[in-house]
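Here is a short briefing on one protein chain. Please look at the sequence and the model before reading on.

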Amino acid sequence: MNFLINLVLLVVGFVLLIKGADYFVEGASKIADKLGIPQLVIGLTIVAFGTSAPEAAISISSAIKGNTGIAIGNIIGSNIMNILLILGITSCITVLKVAKSTVYYEIPFVIFITTVLVVIGGTQGKLGFISGIILWALFILFFVYLIKMAKSGKSDGIVEEGEAYDGKKDSMIKLIFITLAGMAAIVIGSDLTVDGATEIAKILGISDRIIGLTIVAFGTSLPELITSVTAGIKGKADIAIGNIVGSNIFNILFVLGTTSLIKSVPYSTNFVIDGIVAIAAAVLLFLGVVRKKQLGRMAGIIMLIAYAGYFAYLIVG
């Protein structure tokens, strides 16, 4: 009975996280539009933050509550899942085109920052304040790059996401209410998710790390999964990889950077192995797209097989 109650809490938490992020992005974007803030800025800030809000809320909440396995596992697990599972599924549905900038700059940058994360965590045994500064410095560097790319018209679906928002028709009071409701849902959802996942881990005798790398990671990756598969079906597959890569960068630099600035998070030896898998996943993605600038079905199948192998390792290990 206790298991079922916590499972319901987990599901409700996921729903609140996902819908809360949607409402937050919608409300905040329309407020910004109403205030005359350029769509470029809206797309690069509010929309980008909104897509990483579930991961951020979970990791920060977990760190504060002492559930460090979920705090780090959620991010590394989401990044592995984003590439191997989500892009694997999407590329099996349709061939994914990839922009040159994503191939030569953004994917290598994911490989670089994941390596930085593993080196810092592996050598220091934790992600502390200095780690947070390093990750945030890299985040600012990436943000400057995004702005330059957007201004040159080469961004991969970043600005386009923000352009759909038009706040002129709605009242400011309504928009503020929507935004605050979204933020409240994110906070409440993160608490329910962390508490539910932690209790389930205890009941099943599974570590917080495994729960974070699998169940919680899948829940926070649902928006990316839905977005990527839908984009593929609608023939807008060219933005799928750019958005996934961007999400992975935000997860490491913004979410873990912010989390470690707030509270030092222990980085266990097992996470070094998971981090190496995350690096390997990004390298596999690079190898899959570097020659033809697209991700085909064969590469997708290989990714799904690779994720199945990693999942088996988690279960057996």
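This is a predicted model: local features need pLDDT of at least 70, side-chain atom pairs count only at pLDDT 80 or more; totals for chains, interfaces and linings use all residues.

Residues are numbered from 1 along each chain as its sequence is written, and side-chain values use heavy atoms, with hydrogens and water left out.

**Overall make-up**

- The protein chain has 11 helices and four strands; helices (H or I, at least four residues) and strands (E, at least two) are DSSP runs, numbered from the N terminus.
- Of its 317 residues, 53% are buried, where buried means under 20% relative accessible area, exposed over 50%, and partly exposed in between (1.4 Å probe, protein chains only).
- Among contacts (heavy atoms within 4.5 Å) with a separation of 6 or more, 87% are between residues 24 or more positions apart.

**Nonpolar patch and helix α1**

- A nonpolar surface patch with about 950 Å² of accessible area together includes Met1, Phe3, Ile5, Ile203 and Ile206. Patches are made of residues with over 30% relative accessible area and no salt bridge, with nonpolar side chains (Val, Leu, Ile, Met, Phe, Trp, Tyr) joined within 5 Å and like charges within 9 Å.
- Helix α1 gives the largest share of the patch, seven residues.
- Ile5 is in helix α1 and is partly exposed, at 44% relative accessibility.
- Asn6, also in helix α1, is buried at 5% relative accessibility. Leaving aside residues up to four places away in sequence, Asn6 touches Asp195, Gly196, Glu199, Ile200 and Ile203.

**Salt bridges**

- The structure holds five salt bridges, each defined as a side-chain nitrogen of Lys or Arg within 4 Å of a carboxyl oxygen of Asp or Glu.
- Glu26 and Lys30 pair with their closest N and O atoms 3.3 Å apart; the two are four residues apart in helix α1, so about one helical turn separates them. Glu26 is partly exposed at 27%, whereas Lys30 is buried at 16%.
- Asp191 and Lys65 form a salt bridge at 3.4 Å, N to O. Asp191 lies in helix α7 and Lys65 in helix α2 (residues 39-65), so the pair ties together parts 126 residues apart in sequence.
- Lys202 and Glu199 form a salt bridge at 3.9 Å, N to O, and are three residues apart in helix α7. Lys202 is exposed at 59%, while Glu199 is partly exposed at 29%.

Definitions and conventions. Accessible areas come from the Shrake-Rupley method with a 1.4 Å probe; for residues, only the protein chains shown count as cover.
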